[in-house]
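Welcome! Let us take a friendly walk through a protein model, from its overall build down to single residues.

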Amino acid sequence: MPSGAQLPPPPPPVEIRTWPDRPSLLADRAEVLGELVRRHVGGGRLALLLTWGGLAALGWVFIGLAVVFHEESLDPISDLIAVVTFFVGVAALVPAAVFLGLDITRARKVRALLTAWGALDREPDRDRLLRMPRLGLAWLLSSYTLCAAGLFTCVAVPASATPGEDPYGLVVLGMGAGLCAWITGLTGAVTAFSHRRWVTRVLAAPAEGPGRPAARPGGTVRPQA
């Protein structure tokens, strides 16, 4: 089984499949699907998504504070603090945004592999363990909470700001942090719905073909990066 940054390979084409029998195919299928589901909707990925989203929001807060410090600057020391705060915010925001983008790209690859491996055959007893209803609910609740909080912040902060009195930086701070929360929540919601759609369209659908996949003796499947 691949580890680290590797993903399992897609199943080989029908003409070169090398499983000696159906139980061997089902065993490989169950192992690969278990790993893919863990990487798609596992608790570790949810925690990582929330961490990167929180880091992005924190970075934007620092950028907003830098704008506030610059607006209310009275001496060079205040300007220096604003510059330092701005770069601290950028140092937190940029890596978080990059890793969020990489996570979304990787999730697409995982979903494609889930569909390919799930379509090989059906095994109701093991497939039932892949549905992960509790984790799916955790993804949905946390995602809806973030989306609601983010949208509320994006609307409430500029609506409550008083022109000429409230610093422009506070509006930047609030809207940026709200946008980070909304994007993180939207990513989580897409993940939860994608997993549910995979369960209903792949695991609950009949296996493709009139029989079982052809098998040939002596084959192995190697991971790909």
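## The overall build

Helices here are DSSP runs of at least four residues, and they are numbered from the N terminus. Keep in mind as you look around that this is a predicted model. How many helices and strands does the protein have? There are six helices and zero strands. Written out along the sequence, that gives the pattern α-α-α-α-α-α.

The protein has 225 residues, and 38% of them count as buried. Its exposed surface comes to about 12,600 Å², with carbon and sulfur atoms supplying 68% of that area. The contacts are also worth a look: take those between residues at least 6 apart in sequence, and 89% of them join residues at least 24 apart.

## How confident is the prediction?

Each residue carries a confidence score called pLDDT, which runs from 0 to 100. The average for this protein is 85, and 88% of the residues score at least 70. Which elements have the lowest and the highest mean pLDDT? Helix H4, residues 124-129, has the lowest at 88, while H1 has the highest at 93.

One stretch asks for care. Over residues 209-225 the pLDDT is below 50, although the model gives this stretch 37 contacts beyond near neighbours in sequence. Where pLDDT is low, the predicted coordinates should not be read in detail.

Two packed helices are described by the angle between their axes and the distance between the axes.

## Helix H2 beside helix H5

The second pair is helix H2 with helix H5 (residues 133-160), packed at an angle of about 10° with their axes 10 Å apart. Since angles under 35 degrees count as roughly parallel, H2 and H5 are roughly parallel to each other.

On the H2 side, the contact is made by Gly43, Arg45, Leu46, Leu49 and Leu50. On the H5 side, the residues are Leu135, Ala138, Trp139, Ser142 and Leu146. By class, this contact has seven nonpolar, two polar and one charged residues.

Now zoom in on His40, which sits in helix H1. Is His40 buried or exposed? The cut-off for buried is under 20% relative accessible area, so His40, at 2%, counts as buried. Leaving aside neighbours within four places in sequence, the residues in contact with His40 are Arg45, Ala107, Val110, Arg111, Leu114, Trp139, Thr191, Ser194 and His195.

Arg45, one of those contacts, lies in helix H2. With a relative accessible area of 8%, Arg45 is buried. Not counting residues up to four places away in sequence, Arg45 touches Arg39, His40, Asp103, Ala107, Trp139 and Thr191.

Trp60 belongs to helix H2, which covers residues 43-71. Its relative accessible area is 27%, so Trp60 is partly exposed. Beyond residues up to four places away in sequence, Trp60 touches Leu93, Val172, Leu173, Gly176, Ala177 and Cys180.

Leu7 is found in the segment before H1, and at 6% relative accessibility Leu7 counts as buried. Leu7 and Arg106 are 99 residues apart in sequence, with 9.2 Å between their C-alpha atoms. Ala91, in helix H3 (residues 76-118), is exposed, with a relative accessible area of 54%. The C-alpha atoms of Ala91 and Ala56 are separated by 9.6 Å, and these two residues are 35 residues apart along the chain.

Definitions and conventions. Residues are numbered from 1 along each chain as its sequence is written. This is a predicted model: local features need pLDDT of at least 70, side-chain atom pairs count only at pLDDT 80 or more; totals for chains, interfaces and linings use all residues. Side-chain values use heavy atoms; hydrogens and water are left out. Helices (H or I, at least four residues) and strands (E, at least two) are DSSP runs, numbered from the N terminus. Buried means under 20% relative accessible area, exposed over 50%, partly exposed in between (1.4 Å probe, protein chains only). Contact means heavy atoms within 4.5 Å. Accessible areas come from the Shrake-Rupley method with a 1.4 Å probe; for residues, only the protein chains shown count as cover. pLDDT is the predictor's confidence in each residue, from 0 to 100. Axes are lines fitted to C-alpha atoms, for helices over the stretch in contact, and angles run from 0 to 180 degrees between N-to-C directions. Angles under 35 degrees count as roughly parallel, over 145 as roughly antiparallel, 65 to 115 as roughly perpendicular and the rest as oblique. Ala, Val, Leu, Ile, Met, Phe, Trp, Tyr, Cys and Pro count as nonpolar, Asp, Glu, Lys and Arg as charged, and the others, Gly among them, as polar.
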